[in-house]
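Have the sequence and the coordinates at hand, and follow along residue by residue.

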Amino acid sequence: MESIARYVSDMKAHWLLVLVSAVCGSGSVVLLARWLHHAQASSAILKARRRRDASLLRAERLACEYGDSHPGADDSLLLALSARQLARGLKDGSLAAEDVFFSYLTKALQANQRLNCCTEVMMESLDHLKSIGSYKDGLLYGVPVSIKENIGCKGYDSSCGVPGRLDHPVLENSVVVEVLKRQGAIPFVKTNVPQSLFNYECSNPIYGTSLNPHNPKKTPGGSSGGEGALINGGGSLLGIGTDIGGSIRIPCSFSGICGLKPTSKRLSTKGISSCTKGQTSVLSCVGPMARDVDSLALCMQALLSEHMFTLDPTVPPIPFNTEVYQSSKPLRIGYFENDGYQHPSPSMVRGVREVKALLERAGHTVMAFKPLKVEYAMHDLVIKALLADGGATLLQDFKRSPLDPSLSFQIGMYRLPYALKKLLSFVMKPLFPRLAKSLVGLCGLGSVQKQWKLDAEIDEYIQETIKEWKRCELDVLLCPVIGPAFNHNYTGKLTCALSSTILYNLLNFPAGIVPVSTVTLEDEIQLKQYKGNFQDFWDKQFISAVAGGEGLPVAVQCVALPWQEELCLRFMREVETLVRESKQ
């Protein structure tokens, strides 16, 4: 019935436009069409907000009812457990699935009130909870899991924060969600994203702006920003995000949690929505986010099951290698503090130095490693690959939708006419070479021949990097990540800062984030002397973006070669353990 009503509404709009064209001329038609599109978007947004509010109110009522029927229960110990500890307690009967579920549901509702990080509570999770006993053999038995909004859950929108994609609920679960449920997990809430996912703020015209759990003046990052905020805010202990340029790792860095970007296709992406579907030069992936590294490892082990390989035969059937993850063999670790493109903030440089010292004291070999031609990779490979069509596909989703303020500068650049992009790139080249080169990339490729040439250049860059890695005989790599958390509305102006994360999407290397410290007053003082690598407008903007970060999380990034997620996680766990022991 809804699809019929939508069809009738579209037909009425069509005939209205025909009538106006006949009476008032084509100029009036354009104005009327814009008004109709705005009205349709506003109606869809209002409907989505009402649906979210209704689900939150119903969930709050059920949580209160459960709390009233179980007076005096103390859930503080329960909420402190890792995913592995929680699943073990549920299996041996020392914990009750209902207590766990409603404890996290209550905390998620509280976190959302403070941070605006949830888009909807999935009430079907209560039905799954009732039948959870039949999944007791699952590795995630009874564990509540939060899900990023663009990951398909049957009966719910995967709008990517775009109003025009509302009212199209998916017909079946994504493979990842289906496998989670088979492993006993309970997907219970969907989390907020930036409009189009093509930004690392977390704001859209439908659900509004999510806030950083440490400081509301800061963003939790994106595009999996709702996940980062909810997990650090205590409303989830395990979540699923996606990453094409840092969308798992940036929220983990900004919010102070752990996260893993696997090799693309290590986990199935079937049933996951995107605003740039069909772009395959820089690959997206799906991965876990959690408070601790071992919960990430457990999630990967659960997902890398025969069930996933059966549901999506395009995923290579590589089970989780527990032996590699649990190894204690000393590692040969490469490291760098500055990739030569976007100089990290003082706090992030300090984080790498401190972790390097801990690793050396623990008996690991740590050596300098210089990433190859990062400026070339950013301008000639990444930007041209992601926007090979000049941004046309992405901009389709903004034609009939209001634009979130955090995206105004970024989308404004994409919308510039081809000739103007070329002219500006020429004029700005002497004074602002980075922006000039970026504008060239935004022009698009223009032919299949150029696309194939670009793909060949990307493959050559990957092979050169692997060759250098092998020459140095590295096991893993320690490097900075973007951070600390930005002030709101800076991310769209600082796409340059993505070099620390998007490089590993280009290379298709697994990469993970571990929080290691917090921003100090000394870091803030040093930030005032920050010059950057280019001393250009972007470097000056970067200072303003990260200023006022005292007390915010500081993280490092851990990287491995393709398909070596277990080794990456093993390295992350080593960093996590050494940092924890150093603070005791």
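P484 sits in the loop that runs between β11 (476–479) and α20 (499–507), and its peptide bond with G483 is cis, with omega about -5 degrees. This is a predicted model, so please read the angles below as computed values. As background, most peptide bonds are trans, and most residues other than glycine have a negative phi.

**Cis peptide bonds**
- In the loop between β11 (476–479) and α20 (499–507), G483 and P484 are joined by a cis peptide bond.
- Another cis bond leads from G222 to S223, where omega is near 10 degrees.
- S223 belongs to the loop between β5 (208–209) and α8 (225–232).

**Positive phi at K373**
- K373 is not a glycine, yet its phi is positive, at about 40 degrees.

**Positive phi at Q535**
- Q535, also not a glycine, has a positive phi of about 50 degrees.
- You will find Q535 in the loop between two helices, α21 (521–527) and α22 (537–546).
- With a relative accessibility of 49%, Q535 is therefore classed as partly exposed, as the exposed class begins over 50%.

Note on methods:
Residues numbered from 1 in each chain as written. Predicted model: local features only at pLDDT ≥ 70, side-chain atom pairs only at ≥ 80, totals over all residues. Heavy atoms only, no water. Helix = DSSP H or I, 4+ residues; strand = E, 2+ residues; numbered from the N terminus. Buried < 20%, exposed > 50% of the residue type's maximum accessible area, 1.4 Å probe, protein only.
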